[in-house]
Every structure is written in structure tokens, then in C-alpha cells.
Amino acid sequence: PSKINLKDYKKTSFDVETVNLDIKLFEEYAQVNSTLEMLRQTEGDLVLFGEELELLTIQMNGHQLDKEDYQQEAGTLTIANAPDEVTLDIQVRICPQTNTALEGLYMAGSGDDTMFVTQCEPEGFRKITFYPDRPDVLAIFTTRLEADKRYATLLANGNLVEAGDVVDEPNRHYAIWHDPTNKPSYLFACVVADLDVLTDSYTTSEGREVTLELYAKSADIDKCDVGMQALKDAMEWDEVNYGRAYDLDRYMIVAVSQFNMGAMENKGLNIFNTACVLSSPETTTDARSFSVKAIIAHEYFHNWTGNRITCRDWFQLCLKEGFTVYRDQSFSADQQSSAVQRIDDVATLRAHQFSEDAGPLAHPVRPESFVEINNFYTTTVYEKGAEIVRMIANTLGLDDFRKGTDEYFRRYDGQAVTVEDFLSALSITDNKIENFIDWYRQPGTPVVSGHQSYDSTAQTLTITLSQQTRHVSGFDAPKPLPIPVATALFDKNSGGIVAERMLLLDQATQTFVFENITSEPVVSLLRDFSAPVQLNYDYQDEDLAFLLKYETNGFNRWQVTQMLVNRILLQGQSSKSSPDIYLQALSQALPVLASDDAMLAARLLDIPSAQELASAIQKDYDPELVKMQRESLYQQVADTFKDQWSELYKQLPIDAYEDSAEARGKRALRNVILDMALTADVNDAAEWAEQQYNHASCMTERFGALKAMVNHQVANADNYLQDFYQRFQADDLVIDLWFSVQASANNVSVDVIESLLMHEDFDWNTPNRVRSVVGAFSAQPTVLWTQDGLDMYTGVIKKLDDANPVLASRLLQVLARWNTLVEPRRQMAHDSLLDLQKNVTSKHVMESLDSVLNA
Ligand code: DPP
Ligand code: ZN
């Protein structure tokens, strides 16, 4: 398979004006007839893409085409010398019933309980019919669906025009949908199913009455209220914050249990993984429920940033994803403490994106070439992409950023555009914004180092900052990037802020002078994580402890605890810090915070994940050692406060369930304290866990207790696991939790994983289930990086390579950092990967494997 390059972009020779699709579903296959009205826009052949299609007939302007009239090869159908106006009628047959890749039109479910859904982003539409399947081809779609009446729900994009019985076929019915908006094929969707619906409505700021519908299986329909409310909140939020209102009379969301991604923003007809839309207090943890709201908002926000303004080509994926993630993060920050929101977003960025950027899968936020675009739905494109938009917003200030986004919507509505277009609109008030383009082009996480010097005579403080980015092979030598560093100076005596400024570091090294500073202050940098960089400032441990006490920025209070922990844990650090200052600082902060902001208190007790710690290690990474060090520090924290856990825990009694930020904070902190108490061997902690499980008001409490019991192997843990299974046996998403709590347990072994994979409820065709075991397991590096662990893990990839290459390749990416391992693990991993290479064929896995082995 060949590489596609950004620099080779060319418009298509033909544009599509309208598409008429007629999809008839039968027991064993589907018949798809399409009519495309096309117009020439440049010289050249007419090219259509198509994969896994059985071509029955093709007609051009009413004439049947014979084999010699077109050329068919690997995924394309080419017609040379086509006239300037073309009507194509194409008939194909496809087989959704055997489509396990979950791209294009596929059947989900099994037995009597099946449904048909589509996933067309990025290149699934070509598995439905022959089409110029690229995001820069925009057309008006009309879709007729026909199926057996046991599939009562027939949905497609846009408005319902007509529905009824099929003449002479009493068991079949049809529906015709028309979407009045011009859209790329990746936003096409249809659903043929038997579902219940929750209906609501929303009146937009422009006075449009919109019908809102959330479709789910009847057993799940009582878990749709959270999602529906989030949708209404998101619609209003986008009107208030970006001046964007919804543009159709109907907005539909459909929940599907078999789905590769989280959710998909198809025009007017979002399709969601059940895990990302269903939520109820009894079955869904707070964290999951919060992310349901964020994902509903994310997909809704795409209607403007993605659908109305879309990407010229897939290299521009970050154009819609980075901006939309930034928008959903801002939405979520308005629903809880903004410090906690920032902490969670940054923790994810550091654990996953920094690690990606430090290894062989590093790529620019806007890649320059790919073999398989599915491999680039990455945390670099999404999360680092969002960080760039955030830096621009902070540099401009919110008013000018809004002027810029208004300009973007005004200029490009209805078009397929590039990152350069986006920056050019955002630059209307400040042309320096265009310099941010280098952030999109250059891979690698910049390291910002710095120190300060104080001149008491001149009363000036000088901060020197420099930046360095590793040179990723295959790319130009790194250039300095514009890095906004939000800075505050704190008076050592009063603890108050004496100066506050946004420093823009845009050269290799720069000095910044603060005047009228009467005594040497403590400097707080990168407040609210103003740029996605690693910070290496010349701090004393005491400065960090000081900041934990006096910083007013909640995010930075967390950040300094993380810096202290990193100093204690990271091997090879010359001046290895002792935990004393950290523990002392915590003991001052914790009691106050526990009553003030329980959620933030819970986060302050975080110790970075093994994965995040590993991302900073370039060589001789020893998973055992890192695990031991993490656990030993965790133990010290638990022991230090051993006498206080009981009181803190009792201050947080189980009340009736409430979905407020405060109640969620209490539940989060209670779960952290429970785990700490079990770690410190507090006398009756195992009993607290059982009580919490038995008297839980919601899943956060019940699952928190279960997880703690499993991880600490308390005597009754197995009974509770069994109870949990029995209680929730009918609920797939809860059973996913049941699998994952075992697969990610502290003491997990490959045998446990093998037996979970053999369990009667395990299902290779449901990505959520596969992730609940194999994905959860991959967070246990001490077991993953053993011969047995690798055999099992690469065995899973082999198994999925053909059936679901998108999922297989995603799982493989977890092995990217093999090259940093200590011997003999490194060699073992290398051999496993080489062996895997001989046994896989999908271009998805091959491309990832090539990059990973190139480390
Ligand atoms: N475009 C989808 C999203 O919202 C892909 N999963 O991110
Ligand atoms: Zn998205």
C-alpha cells in the first residue's frame, strides 16, 4: 500500500451535485442503487472509490458501460474521457451481515437482536457504493431505505420526506430522507433497526423549533435523560459562546453497542457508541457520565466545526478535531470546577500524547503523509490539536478570539478548508497568530527550561527561558515555536501575587524582566498549562511546597504536587528529592481542601500513572522498578495520614444520589480515601468497603468499593465480584466494568486474562468488550512486557487484524515504546513485534508496525 502525501493534493476532476441512494436490506445482503449528478471542474479522468463492492451495473448518461469503458483496480473505478455533465447510475451489492470491520454499512448485534448502522468517517462510504469519497466533495443527499418491517426504525440524514409500505410486499416498508445541506460523504449515515425513542425539543436563538430524538434499545431508553439534557445544554452553550445555532428541524442520536470509536457527528444523525451516550446513576460512574455529556457536546459542536465547515483533505483532520475538542473542554469546564477540568485534560495529554510524541509514532498535529488515515485518529491530532487552539485563544484574549471565530464561520461556511484558512481568519486582529502554523507542522514535545535571577539594587527579577524540541527523524530540524507562558510572581512573605504576565517565548532563549519587585519572589509558571510543553524550571522543593500553599490557580496547585512526585520518582535525577517536603505540603493542603473542594483534594493525591512516568524515560525503562517506586510512594502517603483517613472518610457519608459538582467531588474523594485506608491497613477499612458496596446510592460508590476490594484482595472480593456480575448481568456496559476491574487489577496475570477471554460473555465482535479486557490489561506494564504477556497481546492483534483492523492497529499502538525497555524485555518485545509482522496483512496494522519497529 502506498503513501499519500499532503503536498500532492489536487482537486477532483468532477464535483457531485446530488446523490440519490436507494438501499434495500435483505436477509443476506443489501442492494445499493445510486444516481450521481456530476459536473466537471478540472481536466482529467472521472475517479470513483469503491471497496468490497460487487458491481452489478453502471450507466453513464443513460448508456450501459461495458468493462472496456472503465478501468477497475485496487479500490478505484476510473472513467476516461467522460463528458462535462455526467449522470451515473450504479448498482452494487454489499454484505453488511459479514462486515466485522464496522466501517461502511454493517450489522450490529446477533440472533434476533440485530440492527444496521453506518460509520463512514474517514473512508467508509466507499464500502457502500462507488463514489468520489473525499471530504472536499460536497453534495446534496436523498436516501431511500427499504427493509423488513421488523426493523421499524428507518433513519437517514436530514428530513423525512415520505414513508410507507412497499407495493406488493406486505412485510416490507420504506422511508425517504432528504438532507438539504451540502455535505461530504463521510457525514452520510443511515440506521435500520428496531429502537425506542426519547423525544424532546429545543427552540434555537433564531426561533427554529428543533425536534430532538435519542434512539436506543427499549431496555436502555431509561438511560437517555442525561444525554438529552447535555444536548440541550450544548445547543444553548454554542449559541451563547460562539453565536452558532442549529440549522435543521431535527437532531437525532442513535446508540449502538458495536462501534469502533466513541461517537460520530453525521449531519443531523449522530451515531454513538452506547458507552458514550447511555447513563444512569445506578449503572454509570460519575466519570463516565461526565464524559457522556462531553461527547454529546463534542458531536453537537461538530455541526459547525466539522460539518458546515469541513476539511479539505484528511491531513486537515485536526482542523475539525482540535477546535472541537477545545470547544467541548470549554463546555465541560463550565459544568464543574474549571481547575479540575484542566487537571483531567492535562493528565490525559501527559499520559498519552506526550508518550506518543516521545516515541516512534510521533507525528505532527497535521501529518504530511499516511498510508491509512484511520491510524491518525490520535491523541496528537485531537488533544495536542486542542492545545494549539487554546494557546491561540489565550494569546488573543477571549474577545479577539471570538472575533476570529466569527470571521472563520463567516468566511468559510459551506466550504472544505485547511489549517492555514483557520489561522488566517483567527489573525484578523493580530497577524502573529499565523506563526502558530509551526505547531501544526513540527512533531515532538518542546521542553522549556528556565531559571531566574534577582537584582535587589535594581529591584528587578529576570526570568530566562529556553526551548528545545527533539529532532524527530524524517522531519526538518526543529524550529523555536511561539510558547505562551502564563506567569505569576508570589511574594515570599505574604504569599500574595505581586505581578502577573503572559510571557511569549518564541526564540530559542529569551529573558523577561519584571520591574519594581521589592524582594525575590517565587515564580509560578505555565499557569493553567498555558502550553503543551514539559517544564524544567530551576525550583527548590521548598518553592514547590510554597506554591502548593499559596497558588490561587487550582490547576497549578495540582501541577506542583505532580512536579514534586516526579522529582521523587524519576530515576537518574541527580538531586533526587526526598518525599518529606511533599508529604508535609500535602498535610497542610489536604484537610482544608477536603472540606472546600473535594474533587480537587482527590486530584492532589494523584500519583502519575506508570504510563506517564514511562513517557519521560528514554532508556532502560524497568516496569518493575517504576511500579515499585510508585507503590512505595503511595504507601508512604497512605501511612502518613493513616490516623486521619477514618475521620476524613466519615465526613463524607453516603447521601441520596445527586448529580452536582459538589456531590461528585465527595464521591471521588471518598473512593480515593477508601483506597488509601486499605493501603495503610486501617483496621476496619475492608468493612467500610463492604458497607459502601452494599449501601451504595450509585455506581460510582459501588464500583469504587468493588475496585478497591479487588485491588487490595480483601477476603470477600470474589464474592462481591460475583454479586456484581449477577446484579448487572443484563447490562453490557456494566459487564464491561466487571471485565475491566479484573483485567486491570494490581495482581493481574496472563492466566486471568486468558480466562476472561474464554468467558461466555466475552465477544470478539464488540470493541467495547475487547477493550474492557485487552485495553484494560495494557495498563499493567509489568505483565504486558513479559513473554507471556506479549504472546497473549500480539495474539489478540493477529486475531483482529483481518476482522477489525482499525481496532487491531489501535491496540498495537500501545506497544510503541518497546525500544525504551530494559533488557531482556526490550529484545523480547522486539522479537514479538517481528514475529507479529510475519502474521498480519491489514494496511492499518502494517503501517503502525513499520513505524513502531523503526524506533
Ligand atoms: N469524528 C469523530 C469524532 O467526533 C470520530 N470519532 O471525533
Ligand atoms: Zn470529533
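## Strand β11 and its partners

Strand β11 is joined to strand β16 (residues 190-193) by two bridges, and the two run antiparallel. Strands here are DSSP runs of E with at least two residues, helices are runs of H or I with at least four residues, and both are numbered from the N terminus. Two strands count as paired if DSSP finds at least two bridges between them. V117 stands opposite V191 in β16.

β11 also runs antiparallel to strand β10 (residues 104-110), with seven bridges between them. L105 is found opposite T118 in β11. Two residues lie between the strands in the hairpin of β10 and β11, where G111 takes a positive phi near 60°. Strand β11 (residues 113-119) is mostly covered, with five of its seven residues buried. Buried means that 20 or more other C-beta atoms, placed from the backbone, lie within 10 Å of the residue's own.

## About the model

This is a predicted model, in which local features need pLDDT of at least 70 and side-chain atom pairs count only at pLDDT 80 or more, while totals for chains, interfaces and linings use all residues. Residues are numbered from 1 along each chain as its sequence is written, and chains are lettered from A and ligands numbered from 1 in the order in which they are written.

Strands of a sheet pair through backbone hydrogen bonds, either parallel or antiparallel. One open sheet has three strands in the order β4-β8-β7, with antiparallel pairing. β4 (46-49) and β7 (71-73) are at the edges and have a single partner strand each, so one side of each is left without a neighbour in the sheet. On average, neighbouring strands of this sheet are turned by 20° against each other, direction ignored.

Four bridges link β4 to strand β8 (residues 76-79). L46 has I79 in β8 as its bridge partner.

## Around ligand 1

The residues around ligand 1 are E121, M261, G262, A263, M264, E265, H298, E299, H302 and E321; each has its C-beta atom, placed from the backbone, within 6 Å of the ligand. β20 (263-264) and α2 (286-301) are the elements that give two or more residues to this shell.

## Domains

The protein chain is divided into domain 1 (1-193), domain 2 (310-441), domain 3 (454-531) and domain 4 (583-853), with bounds from an automatic or database domain assignment. The centres of domain 1 and domain 4, taken over C-alpha atoms, are separated by 42 Å. Five residues of domain 1 are in contact with six residues of domain 4, contact meaning C-beta atoms, placed from the backbone, within 7 Å.

Terms used:
A residue is buried if 20 or more other C-beta atoms lie within 10 Å of its own, exposed if 12 or fewer, and partly exposed in between; C-beta atoms are placed from the backbone. Axes are lines fitted to C-alpha atoms, for helices over the stretch in contact, and angles run from 0 to 180 degrees between N-to-C directions. Two residues are in contact if their C-beta atoms, placed from the backbone, lie within 7 Å.
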